[in-house]
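Dear colleague,

I am handing over the structure below, and my notes on its ligand site and its domains follow.

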Amino acid sequence: MKTIYLDNNATTRVAPEVAEAMRPFFGELYGNASSMHSFGGQVRHHVERAREQVAALLGADPSEIVFTSCGTESDNAALRGTVEAHAGRRHHVVTTRVEHPAVLSTCRYLASHGCRLTELPVDREGLLDLQMLEDLITDDTAIVSVMWANNETGVLFPIEEIARLCQRKGVAFHTDAVQAVGKIPVDLSRTPIDLLALSGHKLHAPKGVGVLYVRKGTRLAPFILGGHQEGGKRAGTENVPYIVALGVAADLAARHIREEVTSVRTLRDRLEAGILASCPDAHVNGRRDQRLPNTANIGFEFVEGESILMDLDALGVCASSGSACTSGSLEPSHVLRAMGVPFTAAHGSIRFSLSRYNTQDEIDFVVAHMPPIIHRLRDLSPFVPKAKA
Ligand SMILES: *Cc1c(COP(=O)(O)O)cnc(C)c1O
């Protein structure tokens with residue numbers, strides 16, 4: 001059975017060009033990028049090339065790119081490093097209720113260690129009230145952290161506007177851009193973002209490599225202490241094959257970005273329209289015209305998301321549940337809960353996330369198979385009101 005992979009917000013296929021570019025660094029090119037000899041220098045050259053490739057994708061200067069082990073590390077380093085750099089003089093951290101756990105858990109950790117934390121609410125469509133954000137920034141605010149694109153719904157926050165607001169207020173601004181980079185254009189030369197996190201495995205590089213962008217002049221205490229690697233901002237011997245991989249993936253992303261916002265969007269819209277037309281009592285979670293081009297989060301009333309996923313899995317289709325009840329807990333996703341999505345829909349929410357490797361045949365296969373799945377599950381559902389059954 002062929003796999004139809006529609007879970008690209010969880011992780012992506014390593015691009016063949018990326019896998020190929022890594023290979024020499026598992027073989028003959030094993031030098032330490034920080035060594036003085038030319039054997040190491042050769043390897044260093046490839047690390048610096050990757051830094052330029054990532055910088056080019058972001059509209060940044062190569063000196064502003066810090067390689068890390070993952071998106072989670074980048075988020076931790078941005079938040080903890082900024083608070084530490086203020087040496088106790090600023091205690092207030094601002095974020096949103098819909099962040100990825102990499103940000104939310106770190107903010108809550110900081111709150112349990114003396115910081116004051118504000119978690120901004122979102123409305124029914126997953127959007128923020130920027131006036132509320134502006135009003136709650138004080139002289140005590142150390143950092144504002146707002147994700148660029150939500151991993152569950154794809155909803156985009158107006159990051160350029162928020163960055164300018166923080167700049168006006170003189171507050172550091174961090175964005176978790178793990179889902180945005182490679183899917184929509186990001187240009188840091190025009191946007192006063194101080195810190196930005198991205199992750200390799202969300203843009204066709206392997207798992208276990210990320211970047212923290214640190215704008216020149218931003219105050220940041222290092223998160224991992226040790227040697228002088230990465231300009232003293234992140235110690236540890238450079239993970240050369242993975243850094244090279246991320247460089248090539250960034251290069252590919254820059255060249256494919258038009259495809260993301262055109263053909264990937266077309267496939268996503270085809271999937272969404274097909275399902276909404278054929279499955280009654282289904283609707284899109286999140287503001288439809290402010291979303292990533294690859295993500296569709298659809299709530300099916302009166303069914304369990306997990307049951308839909310199991311039926312899709314039996315057909316070789318990989319999607320994901322909007323709810324985080326992987327361990328059998330019946331808690332719906334914190335993102336859908338923050339949006340006030342009713343229980344009956346939050347439990348039956350499915351996230352489909354596409355990539356440039358998907359085809360129209362795959363989408364049409366899923367559209368054709370959804371109605372019987374939903375119909376069968378509703379027949380079995382204890383949630384369906386009598387009138388609907
Ligand atoms: C996947 C993801 C992360 C974590 O990145 P890792 O490299 O897996 O640690 C952080 N934030 C968002 C929005 C993500 O989707």
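Which atom of the ligand does a polar side-chain atom of His201 lie 2.8 Å from? It is an oxygen atom of the ligand, and the pair falls within the limit for a polar contact (a pair of N or O atoms within 3.5 Å).

Please keep in mind that this is a predicted model, in which local features need pLDDT of at least 70 and side-chain atom pairs count only at pLDDT 80 or more, whereas totals for chains, interfaces and linings use all residues. Residues are numbered from 1 along each chain as its sequence is written, and side-chain values use heavy atoms, with hydrogens and water left out.

An N or O atom in the side chain of Thr72 is 2.6 Å from an oxygen atom of the ligand, while a polar side-chain atom of Asp176 lies 2.6 Å from a ligand nitrogen atom. Taken alone, the ligand exposes 380 Å², of which the protein buries 90% (Shrake-Rupley method, 1.4 Å probe).

As for the domains, the assignment, which is automatic or from a database, gives domain 1 (4–10 + 257–380) and domain 2 (16–253), with 28 Å between their centres, taken over C-alpha atoms. Their contact (heavy atoms within 4.5 Å) takes 30 residues from domain 1 and 31 residues from domain 2.

Best regards

How values were computed
Polar contact = N/O pair within 3.5 Å; in protein donor to acceptor, adjacent residues only side chain to side chain.
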